[in-house]
Amino acid sequence: MASHIVGYPRMGPKRELKFALESFWDGKSSAEDLKKVATDLRSSIWKQMAAAGIKYIPSNTFSYYDQVLDATAMLGAVPQRYGWNGGEIGFDVYFSMARGNASVPAMEMTKWFDTNYHYIVPELGPEVKFSYASHKAVDEYKEAKALGIDTVPVLIGPVSYLLLSKHAKGVEKSFSLLSLLSKILPIYKEVITELKAAGASWIQFDEPMLIMDLDSHQLQAFTEAYAELESSLSGVNVLIETYFADITPEAYKTLISLKGVTGYGFDLVRGVKTLDLVRGEFPSGKYLFAGVVDGRNIWANDLAASLSTLQSLEGIVGKDKLVVSTSCSLLHTAVDLVNETKLDDEIKSWLAFAAQKVVEVNALAKALAGHRDEAFFSSNAAAQASRKSSPRVTNEAVQKAAAGLKDSDHRRATNVSARLDAQQKKMNLPVLPTTTIGSFPQTMELRKVRREYKANKISEDEYVKAIKEEINKVVKLQEELDIDVLVHGEPERNDMVEYFGEQLSGFAFTVNGWVQSYGSRCVKPPIIYGDVSRPKPMTVFWSSTAQSMTARPMKGMLTGPVTILNWSFVRNDQPRFETCYQIALAIKDEVEDLEKAGINVIQIDEAALREGLPLRKSEHAFYLKWAVHSFRITNCGVQDTTQIHTHMCYSNFNDIIHSIIDMDADVITIENSRSDEKLLSVFREGVKYGAGIGPGVYDIHSPRIPSTEEIADRIRKMLAVLETNILWVNPDCGLKTRKYTEVKPALQNVVAAAKLLRQELASAK
């Protein structure tokens, strides 16, 4: 029985690649230093898999930034603005595309399917001159071979590559990106020829777009592409790998009919219906790479359950044609549980990170072949049983409260316009009120205070005193700037999810459970292992302290239940919506305590609401229903005079605008400045929005300081489609990552622009 890994994390167990990249970007180390770290990481990953007994070990899944950008480099599809003149693409051009440089902006980055990873979007059009410009796939195959390890080179498949691309600036939207197939396939043929010459016996093409809702024209492109590649692929085994969801019956039919293909990889964790398709029809003599070990979570595999799934497939595909695999690349999970010294033993026994999943895959393959490691299987069974019965997992009071939620839709008693009137009477805000999104710059000194407090180097009194001073500074600054609704700046918070998770029951935290988000940026998702509840107030002390420093309204700042859910590793023993409802009840307790403490404006951020949208359109309605309901649960009990804000990071709202309206917040602030027109077009198309809305007027992701006139112009554009009495003026996002030297002048200009527009509106009357 053979074993296979779809892909592996590249950052390293202690984020070695992150630090090497940032050192190189800062000019503190050389390209050679960076290459050395990368070579060592690749070598240790390949050796680790070989030592674990994996037969099909992937190569070319390492990347200095992103695997789609690597494919763009391979195809020489470099946008003209980077001034590339041919030849092998080096770090200068590669990192300019990824990050921009002094004179030109980076390429766009967007989410990789429904994961929290982001890829660099290719910019294509009829003018692009493709050429074989990065030999990385072949070089890495040879590098592994020199270590005595025969690998399976992995390429992003040609059709998925085109379907994941966007039209370059100035290219007509009617231009079919799939028409470029005939231009990129010759380069794929060159790569295949070189890989065969180097001795590759298998090549893996990742075609994840096969799991999306595709039309017949798009499916036909797969048929045409592989028919065109068939002669080049003769003499080598070809695996087409899919992941992240069920494959549709139409796509399955297309896939198993592709020319020149030896094996098919499926995600059998998220793709339960795919099993029925395989059972219904599977081409004889072909390999099935069965993705039974979850690449997207951190839970130990239920080996007994996986083994029985695999045994049922054996009869269909044949013993020698079944390969045990991961559901997708292990890029989306943490690297190695060995580095978790602070997790307690019981919780640790329930987990498996990438290194442990490699061992699980091999153990399943050996068990199928009749060499079952009894000790490994029985300790796994014991851990599964302990997780099911542990009193730490189940809290009956929480289960009961969550079960009781189904009988109401939790709407506030009065409609939004009546509430806004009541709130305005109480707060008496000017027209076009100004506010910020929540966080203020986190200086080195502030981070040091938090670090020292965590390490018990300073007392609680010293910590509280330092944080109060910081809040006071932020409050005074906002008053000087004449901002209308203030924030406390969040100096006590490390991360918008971790901060709450640390104070809720049912959460565990890792020390090195980092997962790549994009480039060198990694996130450390909390682990939700049990029923969630709030033992005591989490933010009330800091918010009421801040409110006592000013007569202006002070926003209470919370992270919403859907965002906490979508940015965590979530328990897999109950539906996601049940966990979300539990978090919503905990946040509801906090909202009501803030209101009792005299906080009249409460912001509940749902930055990641859209991120959780399922890949299939048919599943959108159900997700949006429980996600929006969870948000409403948090604030259904407050008085009309309490103003509920929410904030969302931009990502194609146009298709979910009705769900956003259904959230029934009093005010929504939206990241917008990078995509002005897109968001406003929704309102131009006649969507009626009666609540307060603040589309961001200043892009906080850039160090650039916009002028008063530029911001005023943005506000004028908004006023052309939105009512004067509902528009708010605010930055795009929190200011945590910026410097005060940028934030002060930018906010000065934001307030000046709002005042300028108030004068214009007054004189127009």
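**Exercise 1. Cysteines**

How many disulfides does the structure hold?

*Solution.* Before we start: this is a predicted model, in which local features need pLDDT of at least 70, side-chain atom pairs count only at pLDDT 80 or more, and totals for chains, interfaces and linings use all residues. Residues are numbered from 1 along each chain as its sequence is written, and side-chain values use heavy atoms, leaving out hydrogens and water.

Step 1: recall that a disulfide is a pair of cysteine sulfur atoms within 2.5 Å. Step 2: the count for this structure is 0. Step 3: take cysteine 636 as an example; the nearest cysteine sulfur belongs to cysteine 580 and is 14 Å away.

Step 2: look at how covered the cysteines are. Buried means under 20% relative accessible area, exposed over 50%, and partly exposed in between, using a 1.4 Å probe and protein chains only. Cysteine 636 has a relative accessible area of 19%, so it is buried. Cysteine 733 has 10% relative accessibility and therefore counts as buried.

**Exercise 2. Strand 20 and its partners**

Find out which strands pair with strand 20, and how the chain gets there from strand 19.

*Solution.* Step 1: helices (H or I, at least four residues) and strands (E, at least two) are DSSP runs, numbered from the N terminus.

Step 1: two strands pair if DSSP finds at least two bridges between them. Strand 19 (residues 601–605) runs parallel to strand 20 and is joined to it by 3 bridges. Within this pairing, valine 601 stands opposite glutamine 643.

Step 2: follow the chain from strand 19 through helix 23 (residues 620–635) to strand 20; this β-α-β crossover is right-handed. The term applies if, with the strands pointing away from the viewer, the path from the first strand over the helix to the second runs clockwise.

Step 3: strand 21 (residues 667–670) is also parallel to strand 20, with 4 bridges between them. Here histidine 647 has threonine 669 as its bridge partner.

**Exercise 3. Aromatic rings**

Describe the ring pair of tyrosine 56 and tryptophan 202, then that of tyrosine 623 and tryptophan 626.

*Solution.* Step 1: rings of Phe, Tyr and Trp (its six-membered ring) pair if their centres lie within 6.5 Å; planes under 30 degrees apart count as stacked, over 60 as edge-to-face and the rest as tilted. By this rule there are 31 aromatic pairs.

Step 1: tyrosine 56 and tryptophan 202 lie 5.2 Å apart, centre to centre, with 65° between the planes, an edge-to-face pair. Tyrosine 56 is in the loop between helix 2 (31–52) and strand 2 (57–59), and tryptophan 202 is in strand 8 (residues 202–206), 146 residues apart. Tyrosine 56 and tryptophan 202 are buried.

Step 2: tyrosine 623 and tryptophan 626 are edge-to-face as well, at 5.0 Å centre to centre and 80° between the planes. They are 3 residues apart in helix 23, so about one helical turn separates them. Tyrosine 623 and tryptophan 626 are both buried.

**Exercise 4. A charge over a ring**

Which ring does the charged end of lysine 321 sit over?

*Solution.* Step 1: a charge sits over a ring if NZ of Lys or CZ of Arg is within 6 Å of the ring centre and within 35 degrees of the ring normal. Step 2: for lysine 321 the ring is that of tyrosine 287, with the charged end 5.0 Å from its centre.
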